[in-house]
Amino acid sequence: MNQTAPTIYPCLLYRDAPAAIAWLADAFGFEEMMRVPNDDGSIAHAEMHLGGGIIMIGTARPHEGWLSPLDLPGVNQTVSVSVADVDAHHERAVAAGAEVTFPLKSEDYGRGYSCKDLEGHTWSFTDYQPTAG
């Protein structure tokens, strides 16, 4: 196993995955690595990265129980991402329309903020970097 490769990949579902991919690139700086479209233009599987972190994206499939946050009564998860310049990242996200849910501020463990993306996934961006082992 490659010890430098990420070992956890959050998989996020969106009603409009193609729009989410574009928004995540614009608002958060993610870069698209792979896109596997379905015949109807929805996304079977996509991968994006920010630094060394990778996320997977797909189109929600309610008939299989795979839902967007738009289909849920509340938050079901949060993705935490470490970024080098959290203040600049915050500016970029706000300019792209991210809904800030926890204001940018410094805590004992680092500086960061939380926001929701275009379909309501909750994201936390911080300069804190936990380590394993």
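This is a predicted model: local features need pLDDT of at least 70, side-chain atom pairs count only at pLDDT 80 or more; totals for chains, interfaces and linings use all residues.

Me: In which order do the four strands of the open sheet stand?
Reply: The pairing in this sheet is mixed. Strand 5 and strand 6 (99–107) each have a single partner strand, so they stand at the edges, and one side of each is left without a neighbour in the sheet. From one strand to the next, the twist averages 15°. The order of the four strands is 5-8-7-6.

Me: Which helix packs on the sheet?
Reply: The helix touches strand 6, strand 7 and strand 8. Its direction makes about 15° with that of strand 7. The element in question is helix 2 (residues 86–95).

Me: Do strand 7 and strand 8 run parallel or antiparallel?
Reply: Strand 7 (residues 110–116) is joined to strand 8 by five bridges. The two strands form a hairpin with five residues between them, where G120 takes a positive phi near 100°. By contrast, strand 5 (residues 78–82) is joined to strand 8 by five bridges in a parallel arrangement. Strand 7 and strand 8 run antiparallel.

Me: How many of the five residues of strand 8 are buried?
Reply: In a regular strand the side chains alternate between the two faces of the sheet. Here T122, S124 and T126 point one way, W123 and F125 point the other way, and all are buried. Strand 8 (residues 122–126) is therefore largely enclosed by the rest of the structure, and the number of its residues that are buried is five.

Me: Is T122 buried or exposed?
Reply: T122 is found in strand 8. Beyond its neighbours within four places in sequence, T122 is in contact with V75, Q77, T78, V79, C115 and K116. Its relative accessible area is 10%, and a residue under 20% counts as buried. T122 is therefore buried.

Me: Which residue stands opposite T126 in strand 8?
Reply: T126 points the same way from strand 8 as T122 and S124. The residue opposite T126 is S82.

Methods. Residues are numbered from 1 along each chain as its sequence is written. Side-chain values use heavy atoms; hydrogens and water are left out. Buried means under 20% relative accessible area, exposed over 50%, partly exposed in between (1.4 Å probe, protein chains only). Two strands pair if DSSP finds at least two bridges between them. Contact means heavy atoms within 4.5 Å. Axes are lines fitted to C-alpha atoms, for helices over the stretch in contact, and angles run from 0 to 180 degrees between N-to-C directions.
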